[in-house]
Amino acid sequence: MDLLKSFIITLITIIIFISAVELVLPDNSFKKYVKFVMGLILTAVILNPILSFVEGGSSEITNSISKYINKSEIESNARASDNSKINEKSFNVNLNRNIENLLKKEFENYNFKCESKCNVDYETFDYTIEKIDIFVVNKGIKKIKKVDLTKEDGNLRNDEYKSIKKFVEKELDLKNEEVNIYEGESEGK
């Protein structure tokens, strides 16, 4: 790009110089020789980029093209990285909604709120769930307090919560440590 820009600037400068010289010259036989020399100079200016390209300027053009391609690839990778983060967040939101819908269908007496943490590989379309926090609330309860129900003397406190945990583990093929159950609290407490 710089090569083309410098060529155009040089060409315009030479044309202006030739025009100025022709205006200053008197009308006599000497003028035709000056016009001939100026024509040779203009021809040399026009042929100069072509000759430099033939002599090795191709590497300069190739380098310019490579720089442009590399810049485009860097920008493309940055956009892909941003899209990957957005896609992963969207995946987590959709996974949480799907888990909540599964639980609502199976356990109608409760409302659920899920928060999952997972890793997604978009090349293989594979995901790994690291953990899921499930907040269980009886249908009339509005406020959620984080009360860990997974451990009370090594057992779940309530058989219903055990069945919720087992259901999620079975549906998503998870281990016991990856699913945490929390109970909601009523507004009066």
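D27 is exposed, with a relative accessible area of 71%. Its salt-bridge partner is K31, with N and O 3.3 Å apart. K31, by contrast, counts as buried, at 19% relative accessibility. The cut-off for buried is under 20%.

This is a predicted model, so confidence comes next. The chain has a mean pLDDT of 76, and 80% of its residues reach 70 or more. Helix α1, residues 2-24, has the highest confidence, at 87. Strand β3, residues 143-148, has the lowest, at a mean of 52. Over residues 152-156 pLDDT stays under 50. There the model has 8 contacts beyond four places in sequence.

Strand β1 spans residues 110-121 and strand β2 residues 126-138. The two pair in the antiparallel sense, over 12 bridges.

K117 and E130 form a salt bridge at 3.7 Å, N to O. K117 lies in β1 and E130 in β2, so the pair ties together parts that are 13 residues apart in sequence. K117 is partly exposed, at 49% relative accessible area. E130 is partly exposed too, at 34%.

D133 and K131 make another salt bridge, at 3.6 Å from N to O. D133 counts as buried, at 5% relative accessibility. K131 is partly exposed, at 36%. The count of salt bridges comes to 3.

Key: Residues are numbered from 1 along each chain as its sequence is written. This is a predicted model: local features need pLDDT of at least 70, side-chain atom pairs count only at pLDDT 80 or more; totals for chains, interfaces and linings use all residues. Side-chain values use heavy atoms; hydrogens and water are left out. pLDDT is the predictor's confidence in each residue, from 0 to 100. Helices (H or I, at least four residues) and strands (E, at least two) are DSSP runs, numbered from the N terminus. Contact means heavy atoms within 4.5 Å. Two strands pair if DSSP finds at least two bridges between them. A salt bridge is a side-chain nitrogen of Lys or Arg within 4 Å of a carboxyl oxygen of Asp or Glu. Buried means under 20% relative accessible area, exposed over 50%, partly exposed in between (1.4 Å probe, protein chains only).
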